[in-house]
Amino acid sequence: VDIEDSLGCISMSSIDGDLFQDAIAPATPVIDSVSVDSLAGLSAIGWSISSSTDTQGYIIYENKSGIWLPIDTVFGINATSYINSLPSWSNPDSSALSYAVAVFDSCQNTSPISINHTTVFLSSRLDVCGGGVTLNWTPYVNIPGGLAGYRVYTRENNGPLVLLTTTGTTTLSFLHSPLTQFSEYIYAVQAFSSSGAVTSTSNTDTVLAYVPMQPQYAYLRYATVQNNNHVSLKCLIDSLANISGCRVMRAENTVGPYYQIAIVPPNATPFIVYDDYNAEINAKSYYYKIIVIDSCGNNVISSNVARTMLLTADAGKDMKNIITWNSYEGWPGDVYVYNVYRKI
């Protein structure tokens, strides 16, 4: 500081100074949501504009093995989103990822990091034998306003997006069934807030539906007594289906109970043949049916029921033989004719 009098004399003060420093940290930012960009397969983070007017930018943090690592910096107070393409271990298709954001100002003061948000990680398991897909996902953490639930979506063969179900906050799985053979299903789960204003979408998971081809028919062509010592069966089955075998079932009356007497494996032909040598052919008439087993071991279709014929012959007192037999059962139409044979 100097001062000058009327005669032009100047008096100068001593010199002093200090370093001006802004030591106040900016306000902690508020994350709106973290989500997964389904097209790019990358995490997307969004947050509100910082309330500190001297904000210069934002620091993006990711949690790796319990440690918050700064992975990138976004400059400008109005920058409110970030797509995480680095580093290589930040893959939302492999696990749930946690993110946080901090603000820095013109004096390089940094705010505390925000409340972390965690992406929803979706995984699926195809149950070939059950014919369904079980979806499991991790919970969304710290959605603003509170979590209201999850929406489960699918897209079949590039068709429209379909809402499969809406679950509560504690339900983290869903079974999608039945499936269409060889269809491609793309699944995603969306968490939504109580207000409905905030959503977060999981990664997508793709499943090719391969379920066993189920047999469409099984027709027992006949059950006949062969050579007067056993019952012979022949059944037409769906050879295009995925089957592991056929159960041969036998009963002594039409309502059962039916007992399994054999399992016949499939062969290169559309027929299975079985000879029942344990049948008492001269004492009983039997009912037979064939149950087809799919490749998962499930009973999937049953054939028609066929009944063998039991013949009895009695010598009459008037030089006549009385021959009786039960009706053959099992053909779609009635029996056309019975041929009666005699040997002396």
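Me: How many disulfides does the structure hold?

Reply: The structure holds one disulfide. This is a predicted model, in which local features need pLDDT of at least 70 and side-chain atom pairs count only at pLDDT 80 or more, while totals for chains, interfaces and linings use all residues. Residues are numbered from 1 along each chain as its sequence is written, and side-chain values use heavy atoms, leaving out hydrogens and water.

Me: What makes the link of cysteine 129 and cysteine 296 a disulfide?

Reply: The S to S distance between cysteine 129 and cysteine 296 is 2.0 Å, and because a disulfide is a pair of cysteine sulfur atoms within 2.5 Å, the pair qualifies. With -90 degrees about the S-S bond, this link is left-handed. The two cysteines lie 167 residues apart in distant parts of the chain, cysteine 129 in the loop between strands E10 and E11 and cysteine 296 in the loop between strands E23 and E24 (strands are DSSP runs of at least two residues, numbered from the N terminus).

Me: What is the order of the open sheet of three strands, and how is it paired?

Reply: The order is E18-E19-E22, with antiparallel pairing. The edge strands are E18 (218-226) and E22 (271-276), each of which pairs on one side only. The twist from one strand to the next averages 15 degrees.

Me: How do you know that E19 pairs with E22?

Reply: Six bridges join E19 (residues 230-237) to E22, and because two strands pair if DSSP finds at least two bridges between them, this is a pair. Serine 232 stands opposite aspartate 275 in E22.

Me: What makes a group of residues a nonpolar core?

Reply: The set must consist of buried Ala, Val, Leu, Ile, Met, Phe, Trp, Tyr and Cys residues joined through side-chain atoms within 4.5 Å. The largest such core has 31 residues, and Ile45, Trp47, Ile60, Trp137 and Tyr187 have the most contacts inside it. Strand E15 gives four residues, the largest share. A second, separate core of 24 residues includes Ala218 and Tyr328.

Me: Which residues is isoleucine 45 in contact with, leaving aside neighbours within four places in sequence?

Reply: Among them are Ile31, Ile60, Tyr82 and Val101, where contact means heavy atoms within 4.5 Å.

How values were computed: Axes fitted to C-alpha atoms, helices over the stretch in contact; angles between N-to-C directions. Buried < 20%, exposed > 50% of the residue type's maximum accessible area, 1.4 Å probe, protein only.
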